[in-house]
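Have a look at the model first, then read along with me.

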Amino acid sequence: MILSRRRALQALSALPAAGLIGAMPRAARAAEFSLKYGNNLPLTHPLNIRAQEAAERIARETNGRVEIAIFPNNQLGGDTDMLAQVRSGAITFFTPSALVAATLVPVAAINAAGFAFADYDQVWKAMDGPLGVHVRAAMAKVGLHAFEKMWDNGFRQITSGAKPIETAKDMDGLKIRVPVSPLSISMFKALAASPTSLQFSEVYSSLQTRIVDAQENPLPIIQVAKLYEVQKYCAISNHIWDGFWFIANGRAWQALPADLKAIVAGAINDAGIKQREDIKAFNATVQSDLQAKGLTFTKPAPDSFRAKLREAGFYGEWKTRFGEEAWGLLENAVGKLA
Ligand code: X2X
């Protein structure tokens, strides 16, 4: 097997970010459980800030028996690589977006059905309730343990370089990057755009070199990943609500004694709740910050987008793909969709 130069460099540089190892107790011994956690976001994103806090709390409460090293910002490779690593046990933890988790567990993308959620009350009621239980059970079937509390990515918005998006008509032929996710491809094709799946690690450079003209992400991501440097317009479309599942390799998780499991789960779920609050606070100011950095905002009415999705048979198709049971749980939370 030929190890590409890029891969080799990536492997060599895969040391945890300085200061990101959970604080060790004074009498520093090797931890009984040294666990790795990889993610795709810059250090400044609330997900990394709260995960770091959780790692410190876990080291403290387990008296150094569990140590978690965090590898942020795609240090271990892109989403697809990290998903493979958490499955094989090369890393213990990963936080894929639901969109990305769905490449392995198709029903995980159900929260991303276009325009399903009206607001955060509906989101957390569903994801902390029966719909979340359903998705976590599907993950368990492929050997992944998902913690109860999902972390927030946010409502996704569309940024573009060449022209603003004012109505669904402006989506025609738009070369837009979407995550590695069958649902995203299907949705943007239904909107008559021309979507391409790329790992998040490739987004900035592919916008900069104009391989694509547009991308879609929640505003906090657009801010921390500095996508405003390579985009001109942002349409507040709220087309998908997206969150991160905090997942663990099932075997590694089962190998932890019950007392340590309780500490780790408690710290990670609490951190997730705080991270949701961080995103809420972030959302209060991020649009004006991005405006000040030069992004021009539009607010297209969602109706023309929804109508296009319906006409293209998007809801009917995904109802069939997710199954009656999951779709019913979603509709219990948000009302009739199809
Ligand atoms: O890749 C993206 O767009 C991101 C960061 O939102 C996800 O992880 C899906």
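**Ground rules.** I am working with a predicted model, where local features need pLDDT of at least 70, side-chain atom pairs count only at pLDDT 80 or more, and totals for chains, interfaces and linings use all residues. Residues are numbered from 1 along each chain as its sequence is written, and side-chain values use heavy atoms, with hydrogens and water left out.

**Cavities.** How many cavities of 30 Å³ or more does the structure hold? I found two. For me a cavity is a set of points on a 1 Å grid over the protein atoms alone where a 1.4 Å probe fits but cannot get out, and lining residues have an atom within 4 Å of a point. Grid points are joined across faces, edges and corners, and a volume is the space filled by probe spheres set on the points.

**The largest cavity.** I looked up its volume, which is about 110 Å³. Its lining has 14 residues, and Asn40, Asn153, Arg156, Phe200 and Asn217 lie nearest the centre. I then sorted the lining by class: six residues are nonpolar, four polar and four charged. Here Ala, Val, Leu, Ile, Met, Phe, Trp, Tyr, Cys and Pro count as nonpolar, Asp, Glu, Lys and Arg as charged, and the others, Gly among them, as polar. Where does this cavity lie? It lies between domain 1 (3-152 + 242-285) and domain 2 (155-241 + 289-331), because both give residues to the lining. The domain bounds come from an automatic or database domain assignment.

**The second largest cavity.** This one has a volume of about 50 Å³. By class, its lining has 10 nonpolar, no polar and no charged residues; among them are Tyr37, Phe93, Phe246 and Ile268. α2 (46-61) and β2 (66-71) each supply at least two lining residues, and the largest share, four residues, comes from α2. My helices (H or I, at least four residues) and strands (E, at least two) are DSSP runs, numbered from the N terminus.

**Strand β5.** Is β5 (residues 151-155) buried or exposed? Five of its five residues are buried, so the strand is largely enclosed by the rest of the structure. Buried means under 20% relative accessible area, exposed over 50%, and partly exposed in between (1.4 Å probe, protein chains only). β5 pairs with β11 (residues 241-244) in the antiparallel sense over four bridges, and Gly154 stands opposite Asp242 in β11. I call two strands paired if DSSP finds at least two bridges between them.

**An open sheet.** I traced six strands in the order β8-β7-β9-β6-β10-β13, with mixed pairing. β8 (194-197) and β13 (296-298) stand at the edges with a single partner strand each, so one side of each is left without a neighbour in the sheet. Inside the sheet, β6 (residues 157-160) and β10 pair in the antiparallel sense over three bridges, with Thr159 opposite Cys234 in β10.

**Two positive phi values.** Most residues other than glycine have a negative phi, which is why I noted the exceptions. Arg210 has a phi near 60 degrees and is found in the loop between α8 (203-208) and β9 (214-217). At 63% relative accessibility, Arg210 counts as exposed. Lys226 has a phi of about 55 degrees and sits in the loop between α9 (219-224) and β10 (233-235). At 42% relative accessibility, Lys226 counts as partly exposed.

Terms used: On a 1 Å grid over the protein atoms alone, a cavity is a set of points where a 1.4 Å probe fits but cannot get out, and a pocket is an open set with protein on both sides within 12 Å along at least five of seven lines; lining residues have an atom within 4 Å of a point.
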